[in-house]
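Let's take a walk through this model together, from its helices to its charged pairs. Please have the sequence and the 3D view open as you read.

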Amino acid sequence: MIIEAARLALNNLFAPETRKVFWKVIGLTVLVLVGLWVAVRESFIAYVMPWIDGFLPGMPDWAGWLGFVFGIFASIGLALALALLLSSVTAIIAGLFLDDVAEVIEKQHYPEDAPGVAMPLGDAILSSLKFFGVVVLGNIVALILLFVPGVNLIAFFLVNGYLLGREFFEFAAMRFRSPQEARLFRAKNSSTVFIGGLVIAGFLAIPIVNLLTPLFAASMMVYLHKMLSRRDAGFRP
């Protein structure tokens, strides 16, 4: 079941509708990062550079180029720092479009079923920020355990597997169930959801490809939720 859900999710990444969502996510991510870069750079020039000039008042005029060079290196360093935020910012923005991905799957593969209900924009924003927080928290825990020999890699997969599996399965379930019922259904199938989360964590560990993690994870859990729901059609909380 998990392998089939993962296979279908990978296929869905190449669907024209999903590609449209991906390019929207990447485009907005780039705009956000460029905006951050410009804002921080201008703030650096306006507030930090005058402080540097005042800190070295005796610097001869011929050495003024040092400030220019320092500014260039600071800009490059800022760009590199923002590049490290790429996957995190992508995760936040992608969270706003997960319902679009779910709708594509439901229309193409489950046309006979009643369509799911998308989250309101406010809830989608909160869910997106929640997912970002989950990823950050998971990786902070994994980073702390990085110094424990033989545990670091295992910790990365276990922590992210649990958190990502939980969040994305409940997202898929809440399109058809109340939040309480979605959590109970996830708890009933906790081992399956956890193993599915490990697959997502493996996807997250692949550089560059991990930019697609939110779209892959949402797709996979939509399929998995459908499969589990059909197997346990009589579920009642």
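How many residues apart in helix α1 are Glu 4 and Arg 7, and about how many helical turns separate them? They are three residues apart in that helix, which means about one helical turn lies between them.

## About the model

The model is predicted, so local features need pLDDT of at least 70 and side-chain atom pairs count only at pLDDT 80 or more, while totals for chains, interfaces and linings use all residues. Residues are numbered from 1 along each chain as its sequence is written, and side-chain values use heavy atoms, with hydrogens and water left out.

## Overall fold

The protein chain has ten helices and zero strands. Here helices (H or I, at least four residues) and strands (E, at least two) are DSSP runs, numbered from the N terminus. Read from that end, the elements run α-α-α-α-α-α-α-α-α-α.

Of the chain's 237 residues, 41% count as buried. Buried means under 20% relative accessible area, exposed means over 50%, and partly exposed is in between (1.4 Å probe, protein chains only).

Helix α1 covers residues 2-13, and its twelve residues should span 16 Å at 1.5 Å a residue; the end C-alpha atoms are 17 Å apart, which agrees. The expected span is 1.5 Å times one less than the number of residues in the helix. Buried in α1 are Ile 2, Ala 5, Ala 6, Leu 8, Ala 9, Asn 12 and Leu 13. Looking down the axis of α1, these buried residues fall within an arc of 165 degrees, so they line one face of the helix. The arc is that of the directions from the helix axis to the C-beta atoms.

Back to the opening pair: Glu 4 and Arg 7 join their side chains in a salt bridge, at 2.7 Å from N to O. A salt bridge here is a side-chain nitrogen of Lys or Arg within 4 Å of a carboxyl oxygen of Asp or Glu. An α-helix has 3.6 residues a turn, so residues three or four places apart point the same way. Glu 4 counts as partly exposed, at 33% relative accessibility, and Arg 7 also counts as partly exposed, at 41%.

## Salt bridges between distant parts

A search of the whole structure finds ten salt bridges. One of them joins Arg 175 and Asp 99, whose closest N and O atoms are 2.6 Å apart. This pair links distant parts of the chain, 76 residues apart: Arg 175 is in the loop between α7 (152-173) and α8 (179-188), and Asp 99 is in helix α5 (residues 98-109). Arg 175 is buried, with a relative accessible area of 4%, and Asp 99 is buried too, with 8%. Other buried residues of α5 include Leu 98, Val 101, Ala 102, Val 104, Ile 105 and Glu 106. The end C-alpha atoms of α5 are 17 Å apart, which agrees with the 16 Å that its twelve residues should span at 1.5 Å a residue.

Arg 230 forms a salt bridge with Glu 112, with 2.7 Å between the closest N and O atoms. Here too distant parts of the chain are linked, 118 residues apart: Arg 230 is in helix α10, and Glu 112 is in the loop between α5 and α6. Arg 230 is partly exposed, with a relative accessible area of 47%, whereas Glu 112 is exposed, with 56%. Salt bridges that share partners join Glu 112, Asp 113, Lys 226 and Arg 230 into one network.

Phe 203 is in helix α9 (residues 190-204) and is buried, with a relative accessible area of 10%. The C-alpha atoms of Phe 203 and Ala 217 are separated by 8.8 Å, with the two residues 14 apart along the chain.

## A nonpolar surface patch

Leu 96, Leu 121, Ile 125, Leu 126 and Leu 129 form a nonpolar patch on the surface, with about 480 Å² of accessible area together. Leu 126 is in helix α6 (residues 121-144) and counts as exposed, at 57% relative accessibility. Patches are made of residues with over 30% relative accessible area and no salt bridge, with like charges joined within 9 Å and nonpolar side chains (Val, Leu, Ile, Met, Phe, Trp, Tyr) within 5 Å.

Conventions: Areas by Shrake-Rupley, 256 points an atom, 1.4 Å probe, with all protein chains shown as cover.
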